[in-house]
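Please keep the structure at hand while reading.

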Amino acid sequence: MREIATELWLFSGFPPNAVNVYLAADVLIDAATRWGKRRLLKQLGNRSLSLVALTHVHPDHQGCAAMLCRRYQVGLACHEADVATMQGERPMQPPNAIVRTASRFWAGPPYPVSPVLHEGDSVAGFRVIHAPGHTPGHIVLFRDQDRVAIVGDVLNGMNIFTGLPGLHLPPSVFCTDEEENRRSVRRLAELEPRILCFGHGPPLRDRKAFDRFLKRIAL
Ligand SMILES: [Zn+2]
Ligand SMILES: [Zn+2]
């Protein structure tokens, strides 16, 4: 893994940046698909964890969450509006055939959520910002001191079908409410982030590229 900002590391993976996992101090942010076990354990080495936190509950973000929480004896945190999905009380959102198929191949088992996250909570020095639309409980983690934003899938830093880097809104088939997600992008823009750390795609430090993208999608 490599350090992309103070006390924030990005796990390596193959293909690079296809499915991102971060370590913020000793908090794991997102947990890949269930096939990521070897990759994550190898890179964690003998580090300790204090928490596994999810930007949102999708099969490519919660896959190893239950396994890691059991192994490290730590809690699993996600926003209250995604708790039912993580606990297996509601299907992955939105409940369409593509998301259902992705879940069958990638998702990890349900696991009880604790602590439940709310707007304004703090996770490893990052502020929890509720940013729904991709899923009901999607969050952005924002660190005010250096304006680093972990944005999950509010925005993709690559074309998730071709793997080519570039800013995109997440495909509508994976979103519960596209208009709401656009409002979340606007909210993210108002924070004036200096580094965008995506669920998919390489970190972006180019503010002008972000501004051009905002103009392109008419935000
Ligand atoms: Zn997602
Ligand atoms: Zn994703």
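This is a predicted model: local features need pLDDT of at least 70, side-chain atom pairs count only at pLDDT 80 or more; totals for chains, interfaces and linings use all residues.

A pocket is here an open set of grid points, on a 1 Å grid over the protein atoms alone, where a 1.4 Å probe fits and protein lies on both sides within 12 Å along at least five of seven lines, and its lining residues are those with an atom within 4 Å of a point.

**The largest pocket**

- The lining of the largest pocket is made up of 32 residues, and those that lie nearest its centre are Ala 18, Val 19, Asp 60, Trp 106 and His 200.
- By residue class, the lining of the largest pocket contains 19 nonpolar residues, ten polar ones and three charged ones.
- At least two lining residues come from each of α2 (59–62), α5 (97–106) and β12 (156–158), and the element that gives the most to this lining is α5, with four residues.

**Overall build**

- The protein chain contains seven helices and 14 strands, and its C-alpha atoms fill a box of roughly 45 × 40 × 35 Å along the principal axes.
- Because a compact globule of 219 residues would have a radius of gyration near 17 Å, the 16 Å of the protein chain agrees with that expectation.
- Of the 219 residues, 54% count as buried, while the accessible surface of the protein chain comes to about 9,900 Å², with 53% of it belonging to carbon and sulfur atoms.
- Where contacts join residues at least 6 apart in the sequence of the protein chain, 62% of them link residues at least 24 apart.

**Backbone geometry**

- As a background to what follows, most peptide bonds are trans, and most residues other than glycine have a negative phi.
- Phe 14 and Pro 15 are joined by a cis peptide bond with omega of about -5°, and Pro 15 has its place in the loop between β2 (8–10) and β3 (22–24).
- Asn 17 also lies in the loop between β2 and β3, and this residue, although not a glycine, has a positive phi of about 65°; Asn 17 counts as buried because its relative accessible area is 17%, which is under the 20% cut-off.
- A cis peptide bond also leads from Ser 114 to Pro 115, with omega near 5°, and Pro 115 is placed in the loop between α5 and β7 (116–117).
- Glu 7, found in the loop between β1 (2–5) and β2, is a residue other than glycine with a positive phi, near 55°, and its relative accessibility of 41% makes Glu 7 partly exposed.

Terms used: Residues are numbered from 1 along each chain as its sequence is written. Chains are lettered from A and ligands numbered from 1 in the order in which they are written. Side-chain values use heavy atoms; hydrogens and water are left out. Ala, Val, Leu, Ile, Met, Phe, Trp, Tyr, Cys and Pro count as nonpolar, Asp, Glu, Lys and Arg as charged, and the others, Gly among them, as polar. The radius of gyration is taken over C-alpha atoms; the globule rule is 2.2 Å times the number of residues to the power 0.38. Buried means under 20% relative accessible area, exposed over 50%, partly exposed in between (1.4 Å probe, protein chains only). Contact means heavy atoms within 4.5 Å. Accessible areas come from the Shrake-Rupley method with a 1.4 Å probe; for residues, only the protein chains shown count as cover.
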